[in-house]
Amino acid sequence: MTTLRAFTCDDMFKFNNVNLDPLTETYGLSFYMQYLAHWPEYFQVAESPTGEIMGYIMGKAEGHGDKWHGHVTALTVAPDYRRLGIAAELMSWLEDISEKKRAYFVDLFVRVSNTVAITMYKRLGYIVYRTVLEYYSGSPDEDAYDMRKALSRDVHGKSVIPLKQAVRPEDVDNY
Ligand SMILES: CC(C)(COP(=O)(O)OP(=O)(O)OC[C@H]1O[C@@H](n2cnc3c(N)ncnc32)[C@H](O)[C@@H]1OP(=O)(O)O)[C@@H](O)C(=O)NCCC(=O)NCCS
């Protein structure tokens, strides 16, 4: 049985089995603490009956006016526990919280090469809203898709009309 519960500071000592995945970013401790302090309701962990971390989601609410939205900062499931619907469950949690906060949409960034995640997000109702050029630094840098799903407050689906033009990372907040 899988339990969804709030992420705690102690979980940072236990999430190596999840974070060793090459597509999962590991941030500095202060970054996780900032999310825990500001948006604890958006930081959920899926735990196995033996107390192992199966996966987690970390997000936040941000933006002004009709850009008020929920954002997925990290979503990851340990290789042993994939294809069990855990990521879909965690996404559903984040969408529900965003609905309660009267957000217009949920968005996230994903590497254009991450076809597994892109397939999953499309299956969950997300569309590619725009491409962000060289969003991920490395050698070479990699573009991101900014994917979105409209929530019930966005009655006319304005937030999910795709942009034709790619943007630079520094311009992400200007559109
Ligand atoms: C992407 C990831 C989070 C999916 O987690 P998961 O718990 O296995 O996903 P789910 O079981 O909830 O899958 C939901 C749906 O997504 C699709 N999907 C998930 N994994 C898939 C795969 N390997 N191939 C094809 N479709 C897949 C399926 O449609 C699936 O539904 P189904 O099993 O009923 O067909 C996981 O593979 C992962 O942690 N990857 C590394 C980190 C990462 O890429 N995170 C996203 C960064 S933005």
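Colleague: What should I know about numbering and confidence before I start?

Modeller: Residues count from 1 along each chain, as its sequence is written. The model is predicted, so local features need pLDDT of at least 70 and side-chain atom pairs pLDDT 80 or more, while totals for chains, interfaces and linings use all residues.

Colleague: How do I read the largest nonpolar core?

Modeller: In soluble globular proteins, nonpolar side chains tend to be buried together. A residue is buried if 20 or more other C-beta atoms lie within 10 Å of its own, exposed if 12 or fewer, and partly exposed in between, with C-beta atoms placed from the backbone. A nonpolar core joins buried Ala, Val, Leu, Ile, Met, Phe, Trp, Tyr and Cys residues through C-beta atoms within 7 Å. The largest one has 37 residues. Ile53, Tyr56, Ile57, Leu90 and Leu94 have the most contacts inside it. S3 supplies the largest share, six residues.

Colleague: What is Ile53 in contact with, beyond its neighbours within four places in sequence?

Modeller: Contact means C-beta atoms, placed from the backbone, within 7 Å. Ile53 is in contact with Asp11, Lys14, Phe15, Asn17, Val18, Val45, Glu47 and Ala78.

Colleague: Is Ala74 buried or partly exposed?

Modeller: Ala74 is partly exposed, because 19 other C-beta atoms lie within 10 Å. Ala74 sits in strand S4. Not counting residues up to four places away in sequence, Ala74 touches Glu25, Ile57 and Met58.

Colleague: How do I read helix H3?

Modeller: An α-helix has 3.6 residues a turn, so residues three or four places apart point the same way. In H3, the buried residues are Ile86, Ala87, Leu90, Met91, Leu94, Glu95 and Ser98. They pack against S2, S3, S4, S5 and H4. For length, the expected span is 1.5 Å times one less than the number of residues. The 15 residues of H3 should span 21 Å, and the end C-alpha atoms are 21 Å apart, which agrees.

Colleague: Where does the backbone take a positive phi or a cis bond?

Modeller: Most residues other than glycine have a negative phi, and most peptide bonds are trans. Just after H3, Arg102 has a positive phi of about 60 degrees. Arg83, not a glycine, also has a positive phi of about 60 degrees. Arg83 lies in the loop between S4 and H3. Arg83 counts as exposed because it has 9 C-beta neighbours inside 10 Å. Glu134 has a positive phi of about 50 degrees and is found in strand S6. A cis peptide bond joins Ser139 and Pro140, with omega about 0 degrees. Pro140 is in the loop between S6 and S7.

Note on methods: Helices (H or I, at least four residues) and strands (E, at least two) are DSSP runs, numbered from the N terminus. Two residues are in contact if their C-beta atoms, placed from the backbone, lie within 7 Å.
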